[in-house]
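Here is a chain to read through questions and answers. Each answer sets a value beside the rule that gives it its name.

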Amino acid sequence: MSSVKLKQVYLTANDPGRLAEFYEGLGLKVRFADPGKWIQFVSDAAAFCVAGPTESVSDQLQDAVFVFDVDDLEAAMERAAAMGAQVGAVRDMASHGRAVKVRDPGGNVIQFYQAAG
């Protein structure tokens, strides 16, 4: 089975600075920022950027869901809620672990995942 490497992810936001604070709070670091236009984060997995309201981003590039692997699901949920995210209900995934969907302050859906054990 071949593997697929995520290459680019773009999110859009009316307030990219607020979204940058949210993702920095989750542990990502900003590599480049042009206030109101673009913010690029340091990520081993992909080129992760937030586009401001004046920038054009294809709808196809916005079809992505981030999955953050966390050690403590409850702590991640509390931290996200404190930073303005809407946190959903925890789903148990049999022996695989637990997950919760979160809507970030820009309205993008992400997921926190904690492996079983």
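Two strands pair if DSSP finds at least two bridges between them. Strands themselves are DSSP runs of E, at least two residues long, and helices are runs of H or I, at least four long; both are numbered from the N terminus. This is a predicted model: local features need pLDDT of at least 70, side-chain atom pairs count only at pLDDT 80 or more, and totals for chains, interfaces and linings use all residues. Residues are numbered from 1 along each chain as its sequence is written, and side-chain values use heavy atoms, with hydrogens and water left out.

Q: What secondary structure does the chain have, and in which pattern along the sequence?
A: The chain has 2 helices and 8 strands. Along the sequence they follow β-α-β-β-β-β-α-β-β-β.

Q: How do you know that strand 5 and strand 8 pair?
A: Pairing needs at least two bridges. Strand 5 and strand 8 have 4, in the parallel sense. In one of these strands, strand 8, Phe112 is the bridge partner of Phe68.

Q: What makes strand 7 and strand 8 a pair, and how do they run?
A: They are joined by 7 bridges and run antiparallel. Ala99 stands opposite Tyr113 of strand 8. The two strands form a hairpin with 5 residues between them. In its turn, Gly107 has a positive phi of about 90°.

Q: Why is Gly25 called buried?
A: Buried means under 20% relative accessible area, exposed over 50%, partly exposed in between (1.4 Å probe, protein chains only). Gly25 has 16%, so it counts as buried. Gly25 lies in helix 1. Of the chain's 117 residues, 33% count as buried.

Q: Which residues does Gly25 contact, leaving aside neighbours within four places in sequence?
A: Contact means heavy atoms within 4.5 Å. Gly25 contacts Arg79 and Met83. Gly25 and Met83 are 58 residues apart in sequence, yet 7.9 Å apart in space, C-alpha to C-alpha.

Q: What makes a set of residues a nonpolar core?
A: Its members are buried Ala, Val, Leu, Ile, Met, Phe, Trp, Tyr and Cys residues, joined through side-chain atoms within 4.5 Å. The largest such core here has 25 residues. Among those with the most contacts inside it are Tyr23, Phe68 and Phe112. Elements giving two or more residues to this core include helix 1 (16–25) and strand 8 (109–115). Not counting residues up to four places away in sequence, Phe68 touches residues including Tyr23, Ile110 and Phe112.

Q: How confident is the predictor?
A: pLDDT is its confidence in each residue, from 0 to 100. The chain averages 78, and 82% of the residues score at least 70. Over residues 60–64 pLDDT stays under 50. Over residues 1–5 pLDDT also stays under 50.
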